[in-house]
Amino acid sequence: MTSMPETHAGGRIVRPYTMTGGRTGVGHPMIALEALVAVTPAGMRMRHQFRWEAAEIIARSRSETAIIELAALLEVPIGVVRVLTADLREKGAVTITEPASESGSEADTPGYTELLQKVLDGINAL
Amino acid sequence: MASTPSESTGLTPVKIVVAGGFGVGKTTFVGAISEIEPLRSEAIITDASYGIDEVTADATKTETTVAMDFGRISLKHQLVLYLFGTPGQDRFHFMWDELARGAIGAVVLVDTRRIEACFAAIDFFEKRRTPFVVAVNTFHGQRLHGEDEVRNALQIGPEAPIVFCDARVRVDVQRVLGNVVEHTLDRVMSEAAAS
């Protein structure tokens with residue numbers, strides 16, 4: 001053994017950012033960790049064009065799946081999933097639903113209050 | 001950036017951060033209520049200044065891997081609640097900002113045997129003005145200190161709720177998460193009333 005593989009993803013040994021052509025997602029608007037990725041009908045039709053992680057993202061996003069879940073399931077770093085998912089969105093293959101609101105921001109208060117009440121109701125109903 | 005409508009099936013993601021010192025029971029807390037086994041996800045930090053003595057470091061690279069545990073809970077009203085455990089070690093606090101961004105609020109888990117382990121989390125959320133609830137993890141149902149003692153030791157004002165829970169028990173975790181949302185609601189409504 002002279003060197004260790006830097007990461008081990010899906011049976012393939014590859015440095016993480018070679019999947020993204022060296023792009024780390026810097027400069028993209030940051031996609032939230034909990035943003036939900038869903039494949040579109042167009043994405044389903046073109047799914048055979050995609051290989052490796054991109055194909056996996058398409059397959060896993062038939063039901064909405066968060067960026068961070070994709071990273072865990074595919075065993076690749078979060079930054080890689082962000083770049084690949086942004087690419088897929090550009091091609092119209094997936095949609096990305098960002099979180100609805102941010103606490104402490106200029107969020108419109110009635111909308112945020114309503115969301116919080118729904119979350120509370122949802123937690124209490126578990 | 002309020003209420004971005006979903007283009008897909010209409011699910012809305014929300015999140016709550018679970019913070020606290022290393023080994024205080026964050027993953028247990030998340031696992032007690034998550035509908036999936038808590039998963040671990042990694043971010044690779046390429047800046048060597050964050051330290052190279054982390055788990056994956058070897059002599060040939062300057063990358064550090066930060067692991068985050070998370071869980072998911074589907075709620076009614078088409079909501080999906082994600083729970084994020086913060087990386088425990090102090091030198092990963094720069095990651096907390098990303099975790100806290102957009103969060104409804106936070107749980108700061110406290111073990112009263114090592115109360116100082118949560119100071120960094122409290123400092124962070126106070127500075128960032130993220131609403132948080134202090135949850136004292138009463139292992140085995142033992143309440144080692146009263147609320148006043150904990151509040152004194154943590155030096156926090158009366159506005160931050162302190163609750164007691166057993167991080168292994170689902171109904172306790174459920175109650176604490178409800179406390180976080182209520183606390184955030186109170187804050188949002190009182191700020192709206194004041195402006």
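**View 1. A salt bridge joins the side chains of A:Asp121 and B:Lys76, with 3.2 Å from N to O.** The model shown here is predicted, and in it four salt bridges are counted between chain A and chain B. Between these two chains there are also eight residue pairs in polar contact, with both residues of each pair at pLDDT 80 or more.

**View 2. The side of chain A that touches chain B draws on several helices and strands.** At least two residues each come from β3 (36-39), α3 (67-74), α4 (78-90), β5 (94-97) and α5 (109-124) of chain A, and α5(A) gives the largest share, with 13 residues. Sorted by class, this side of chain A consists of 25 nonpolar, nine polar and ten charged residues.

**View 3. Chain A and chain B bury about 4300 Å² between them.** Carbon and sulfur atoms give 66% of that area, and the contact involves 44 residues from chain A and 56 residues from chain B. On the chain A side, the residues that lose the most area to chain B are A:Glu34, A:Ile123 and A:Leu126, which together make up 14% of what that side buries.

Methods:
Residues numbered from 1 in each chain as written. Chains lettered and ligands numbered in written order. Predicted model: local features only at pLDDT ≥ 70, side-chain atom pairs only at ≥ 80, totals over all residues. Heavy atoms only, no water. Contact = heavy atoms within 4.5 Å. Buried area = accessible area lost by both parts, 1.4 Å probe. Polar contact = N/O pair within 3.5 Å; in protein donor to acceptor, adjacent residues only side chain to side chain. Helix = DSSP H or I, 4+ residues; strand = E, 2+ residues; numbered from the N terminus. Nonpolar A, V, L, I, M, F, W, Y, C, P; charged D, E, K, R; others polar.
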